[in-house]
Amino acid sequence: MAMRTIPHFIGGRETPGRSGRRGPVFNPATGEQQAEVDFASAEEVDQAVAIAAAAARAWGASPLGKRADVFFRFRQILVDRKAELADLVSSEHGKVPGDAAGEVARGIENVEFAAGIPHLLKGEYSEGVSTGVDVYSIRQPLGVVAAITPFNFPAMVPLWMISNAIACGNAVVLKPSEKDPSGPVLLARWLEEAGLPAGVLNVVHGDKVAVDRLLEHPDIAAVSFVGSTPVARAIYQRGTAAGKRVQALGGAKNHMVVLPDADMDAAADAAVSAAYGSAGERCMAISVVVAVGDAGDRLVPAIAARLPKVRVGPGTDPKAEMGPLITREHRDKVASYLDLAAREGASVVVDGRKQIIAGNGFFLGVSLIDRVTASMAVYKDEIFGPVLGVVRVASYDDALELVNGNLYGNGTAIFTRDGGAARRFQHDVTCGMVGINVPIPVPVAYFSFGGWKASLFGDTHIYGPDGVKFYTRGKVITSRWPDPATSQIDLGFPQTR
Ligand code: NAD
């Protein structure tokens with residue numbers, strides 16, 4: 001039987017690729033290839049950008065109420081059919097139903113935010129800065145923007161970008177991850193059903209060839225990227241060198257600091273869900289617990305005791321709590337850190353390779369490594385899998401030094417009963433998002449999401465108010481209108497005020 005092909009979505013219709021290049025799309029829970037996805041050539045990217053540029057002119061001039069209507073309808077479609085989208089995400093990414101439903105719910109928040117666009121685009125007005133002179137500001141769309149997204153949130157991260165970009169009046173060329181590309185095509189179809197004119201959102205699939213063309217195309221005004229740090233850095237450098245506005249969010253190594261006074265049961269529960277949820281393939285996953293003082297002696301056994309209860313299985317199992325990894329190669333690379341950690345002198349408390357999951361899916365059980373130090377690869381690398389390391393330190397200051405000395409600065413969390421310690425931590429720590437007794441502090445859609453250091457290249461965070469700022473440019477108008485009383489023509493105004 002011929003393999004199903006996932007086409008591009010350009011100008012309002014599914015458009016089969018012409019480059020002859022394709023990539024495999026697996027079902028990670030079975031290990032079988034379920035489809036192949038077309039990879040766009042530079043010419044196909046050019047075609048999508050030309051269609052987007054033509055659509056952007058009318059869409060950018062459309063009334064704000066019309067744009068809001070599209071997002072209200074889109075939101076209703078998403079709410080009504082969220083299970084369909086979650087199932088699709090699960091089948092290509094592997095995440096379990098709860099994680100897939102959570103991803104869709106967090107994505108919908110961004111659609112709800114974008115539906116408020118008439119309010120979000122309100123400018124400022126200063127009346128009477130001089131005689132007859134007023135100054136006011138407006139924000140206008142950029143034109144065509146590119147959105148390049150990672151595999152780990154194939155519905156939510158596109159929604160982070162396309163919701164605000166489109167509501168602000170731009171057209172978008174979205175290049176999703178080639179590993180799980182179907183969700184974004186479904187989103188594009190549903191947005192059109194909600195009334196979005198054809199060509200405002202286009203999805204081109206592919207790899208570096210498509211991304212390189214987007215980065216150099218003269219009609220792309222801005223690039224939003226989310227993915228790994230080396231690619232984020234390169235995208236930022238190339239995009240800005242080509243004169244584009246770029247926000248490029250990169251990888252992470254998120255620390256959860258546990259002070260000795262913390263509620264250890266609550267901290268252990270939080271560590272388990274934040275480290276192993278979505279198989280650790282979250283940019284906000286906790287991958288390092290920093291146990292202060294004697295916290296490690298109580299926390300490590302508490303986490304280890306919980307791990308046999310984590311049910312690993314396919315997304316088709318409604319009780320499964322953790323699914324497979326995205327590819328066989330990635331699973332094997334993640335597993336290789338367990339031997340490496342032991343060789344480097346850490347203590348492997350729970351080895352996920354010992355948990356056998358039937359079939360050929362890309363599964364790996366949950367792993368816990370104690371007595372990790374900052375010089376070890378298992379600490380320094382973004383492993384991006386279900387492997388949690390514990391670093392033991394003597395004091396709060398040592399914990400802070402560790403977190404702040406890390407290359408990455410996406411999210412972090414502190415667990416404590418001491419409000420003063422938490423307050424000091426939120427001030428001192430060099431990360432963009434901080435949780436206090438909250439392990440994964442992903443901001444709600446009306447704040448903005450972004451890390452510091454090698455977790456973000458650019459100066460605006462993504463979605464929320466920063467998203468509106470990123471996808472528009474400001475204009476300030478200074479106007480002078482003489483008082484009608486001074487007019488040469490009698491307009492019926494009294495001559496004095
Ligand atoms: P990735 O960097 O491999 O790929 C991201 C996107 O870039 C994909 O669309 C891919 O096709 C494209 N790409 C890959 N290599 C490229 C190259 N050499 N040139 C041009 N384009 C290229 O990332 P991934 O494996 O899909 O996603 C996981 C990574 O994303 C992790 O590092 C994770 O921390 C990060 N991430 C970060 C955030 C955040 O908000 N900071 C959110 C989600 C994921």
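# Salt bridges, cores and helices

Trainee: What do the side chains of Asp 269 and Arg 306 meet in?

Mentor: They meet in a salt bridge, at 2.6 Å from N to O. The term means a side-chain nitrogen of Lys or Arg within 4 Å of a carboxyl oxygen of Asp or Glu. Keep in mind that this is a predicted model: local features need pLDDT of at least 70, side-chain atom pairs count only at pLDDT 80 or more, and totals for chains, interfaces and linings use all residues. Residues are numbered from 1 along each chain as its sequence is written, and side-chain values use heavy atoms, leaving out hydrogens and water.

Trainee: Where do the two partners, Asp 269 and Arg 306, sit?

Mentor: Asp 269 is in helix α10 and Arg 306 in helix α11 (residues 295–306), so this pair links distant parts of the chain, 37 residues apart. Helices (H or I, at least four residues) and strands (E, at least two) are DSSP runs, numbered from the N terminus.

Trainee: Is Arg 306 buried or exposed? And what about Asp 269?

Mentor: Arg 306 is buried, because its relative accessible area is 18%. Asp 269 has 44% relative accessibility and therefore counts as partly exposed. Buried means under 20% relative accessible area, exposed over 50%, and partly exposed in between (1.4 Å probe, protein chains only).

Trainee: How many salt bridges does the count come to?

Mentor: By that rule, the count comes to 25. One of them joins Lys 95 and Glu 103, with the closest N and O atoms 2.6 Å apart. Both of those residues are buried. There is also a network of salt bridges linking Arg 22, Glu 36 and Asp 38.

Trainee: New topic. How many residues are in the largest nonpolar core?

Mentor: That core has 67 residues, and those with the most contacts inside it are Met 256, Val 257, Val 258, Tyr 276, Val 289, Ile 303 and Leu 388. Its largest share, nine residues, comes from helix α10 (residues 264–276). A nonpolar core is a set of buried Ala, Val, Leu, Ile, Met, Phe, Trp, Tyr and Cys residues joined through side-chain atoms within 4.5 Å. In soluble globular proteins, nonpolar side chains tend to be buried together.

Trainee: What does Ile 303 touch?

Mentor: Leaving aside residues up to four places away in sequence, Ile 303 touches Ala 268, Ala 271, Val 272, Leu 368 and Leu 388. Contact here means heavy atoms within 4.5 Å.

Trainee: Which residues does the second, separate core include?

Mentor: Met 161, Ala 222, Leu 249 and Met 433 are included in that core of 62 residues. Leu 249 lies in strand β12 (residues 245–249), and Leu 249 is buried because its relative accessible area is 3%. Its contacts, not counting residues up to four places away in sequence, include Phe 225, Ala 232, Phe 449 and Ile 462.

Trainee: How far does helix α2 reach?

Mentor: Helix α2 (residues 64–80) has 17 residues and reaches 25 Å from its first C-alpha to its last, close to the 24 Å expected at 1.5 Å a residue. The expected span is 1.5 Å times one less than the number of residues.

Trainee: Which helices do the buried residues of α2 pack against?

Mentor: They pack against α1 (42–60), α3 (82–93), α4 (97–114), α5 (117–120), α6 (156–167) and α7 (182–193). Phe 71, Phe 74 and Leu 78 are among the buried residues of α2.

Trainee: Last one: where is Ala 279 found?

Mentor: Ala 279 is in the loop between α10 and β14 (286–292). Its phi is near 55°, a positive value in a residue other than glycine. Ala 279 is buried, because its relative accessible area is 1%.
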